[in-house]
Amino acid sequence: MKYQSQKVALYYFGGALTLFLVQVLVGVLAGTVYVLPNVLSELLPFNVIRMIHTNALIVWLLMGFMGATYYLLPEETESELHSTKLALVQFWLFFVAALLAVVGYVFGIHEGREFLEQPLPIKVGIVVVALMFLYNCTLTLLKGRKTAVANVLMLGLWFVAIFFLFAFYNPGNLALDKMYWWWVVHLWVEGVWELIMASILAFLMIKLTGVDREVVEKWLYIIVALSLFTGILGTGHHYYWIGTPAYWQWIGSVFSTLEVIPFFAMVVFAFVMVWKGGRQHPNKAALLWSLGCAVIAFIGAGVWGFLHTLAPINYYTHGTQVTAAHGHLAFYGAYVMLNIAVFTYAMPYLIKREPYNQALNQAGFWITTGGMLFMTFALTFAGVVQTHLQRVVGDDYMSVQDSLSMFFWMRLGSGVAVLIGTILIVVSLAVPMGSRRTIPQAPHAAPAE
């Protein structure tokens, strides 16, 4: 670790891992309710369980992005953070706001809009946290070296904050509400979050492979251009059936199909960088997570997204378990694995130990990834059966749900596997049991001319 202010990332990594564990635990509880509906039905209804599960996911991913930014920005700018005190205050505000939101959900205090259930005071708090974060990071960037990685990362982070402002707009017209709702939900995960993903992955490739920065940055610009070109109008695949004009069926079908391209480009990028580098970095677990991120993101977001993105197909599959299959694997591949890759790379430097517990970390990788893949296949088959029985044959919803019970048990089993893998990952990162020798400094790219 070259810059002392990078230590602030430890708070964010710790908070993110805590919420990650909570999110998976609550997800297993939600899977249990699917097969045993009366579990906690009076104490904690399913809609609250689902709310906590999805919101914990969003919060810990954002917290991970913030920690990753605070870690890599000093190295990219070759300067200390503008203010570590501000970063610490921001962390505790964010963490406390997340806890208050969860307590509010349990007692029925929420706005009811999926993913944007946060009460108004919590939303205001999130904006304050975002402004503190952007102020701190932008001043750090302005005073130091400017690189493509840092510039693209900050562009993505600014867009995340800007598009969240649409969460405050809640019109009475349901069609209009859903149209702007997707400006947060879709343009985050299939637009600007991809910029964050690409820039962090580029940083990891520079550090883990030793490939020249100029080569990595050329790939980064291509991926960013493809992400913005396809992701913005690709929002149209959410506009098919919400009361918007019919031309969105064409726009959504064409551009969301093209969204596969940037994810495939990330796969090629990651493997080409490793091949070009030809370097044996001691932290093999971080490299495994980085490559796995690119591959699983392509499968979950690209391939499984394409399976039901065309309007004539989506007409039947919309809102079925096919959507759940795509959502689970896409989030896991693109953003969960990315965060764990950063944690796995940075933690040894922050704690000043050699890469430790690599076998445990890699075991967590294979168990968690295997569980998510099995869950995806189970939900996909459930969605196909559901589509046929409910949308073609015309059976009623609850009868169809009874027919899917076997798949829901399979999902619960895979969820338990994911929980076991998650525990192994958290233990491998939070409980160092390896060598106490200080690791050599990570190689730094040569300063820009």
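A nonpolar core, as the word is used here, is a set of buried Ala, Val, Leu, Ile, Met, Phe, Trp, Tyr and Cys residues joined through side-chain atoms within 4.5 Å. Buried means under 20% relative accessible area, exposed means over 50%, and partly exposed is in between (1.4 Å probe, protein chains only). In this structure, the largest nonpolar core has 133 residues, and W188, W193 and I200 touch the most other members. Helix α6 (residues 174–209) gives the largest share of this core, with 21 residues.

Before going on, a word on the model itself. This is a predicted model, in which local features need pLDDT of at least 70 and side-chain atom pairs count only at pLDDT 80 or more, while totals for chains, interfaces and linings use all residues. Residues are numbered from 1 along each chain as its sequence is written, and side-chain values use heavy atoms, with hydrogens and water left out.

**The overall picture**

The protein chain has 15 helices and zero strands. Both are DSSP runs numbered from the N terminus: helices are H or I with at least four residues, and strands are E with at least two. The radius of gyration is 21 Å, close to the 22 Å from the globule rule for 449 residues, so the chain is as compact as a globular protein of that length. That radius is taken over C-alpha atoms, and the rule is 2.2 Å times the number of residues to the power 0.38. Along its principal axes, the C-alpha trace spans about 65 × 45 × 45 Å.

Of the 449 residues, 56% count as buried. Contact means heavy atoms within 4.5 Å. Take the contacts between residues at least 6 apart in sequence: 84% of them join residues at least 24 apart.

What does I200 touch? Leaving aside neighbours within four places in sequence, I200 is in contact with F65, A68, L72, L153, L338 and V342. As a general matter, nonpolar side chains tend to be buried together in soluble globular proteins.

**Two helix pairs**

Now for how some helices pack. Axes are lines fitted to C-alpha atoms, for helices over the stretch in contact, and angles run from 0 to 180 degrees between N-to-C directions. Angles under 35 degrees count as roughly parallel, over 145 as roughly antiparallel, 65 to 115 as roughly perpendicular and the rest as oblique.

Helix α6 packs against helix α9 (residues 260–277) at about 10°, with the axes 10 Å apart, and that makes α6 roughly parallel to α9. On the α6 side, the residues are E194, M197, A198, L201, A202, M205 and T209, and they meet P262, F263, M266, F269, A270, M273, V274 and G277 in α9. By class, this contact has twelve nonpolar, two polar and one charged residues. For these classes, Ala, Val, Leu, Ile, Met, Phe, Trp, Tyr, Cys and Pro count as nonpolar, Asp, Glu, Lys and Arg as charged, and the others, Gly among them, as polar.

The other pair is helix α5 (residues 148–164) and helix α7 (residues 213–234), which pack at about 25° with their axes 10 Å apart. They are therefore roughly parallel to each other. A148, V149 and V152 of α5 make the contact with R213, E217, L220, Y221 and V224 of α7. Here the classes are six nonpolar, no polar and two charged residues.

**Some single residues**

Here are some residues with their relative accessibility.

| Residue | Relative accessibility | Class |
|---|---|---|
| S290 | 0% | buried |
| A378 | 2% | buried |
| F115 | 22% | partly exposed |
| E78 | 31% | partly exposed |
| D402 | 58% | exposed |

S290 is found in helix α10 (residues 284–307). Not counting residues up to four places away in sequence, S290 touches L201, L204, M205, L208 and A341. A378 is in helix α13 (residues 358–393), and with that same exclusion A378 touches F407 and M410. The C-alpha atoms of A378 and Q358 are separated by 30 Å, and these residues are 20 apart along the chain.

Which loop holds E78? That residue is in the loop between α2 (46–77) and α3 (84–106). Phi of E78 is near 60°, a positive value in a residue other than glycine. F115 is in the loop between α3 and α4 (120–143) and has a positive phi of about 75°, although it is not a glycine. Most residues other than glycine have a negative phi.

Finally, D402 sits in helix α14 (residues 397–403).
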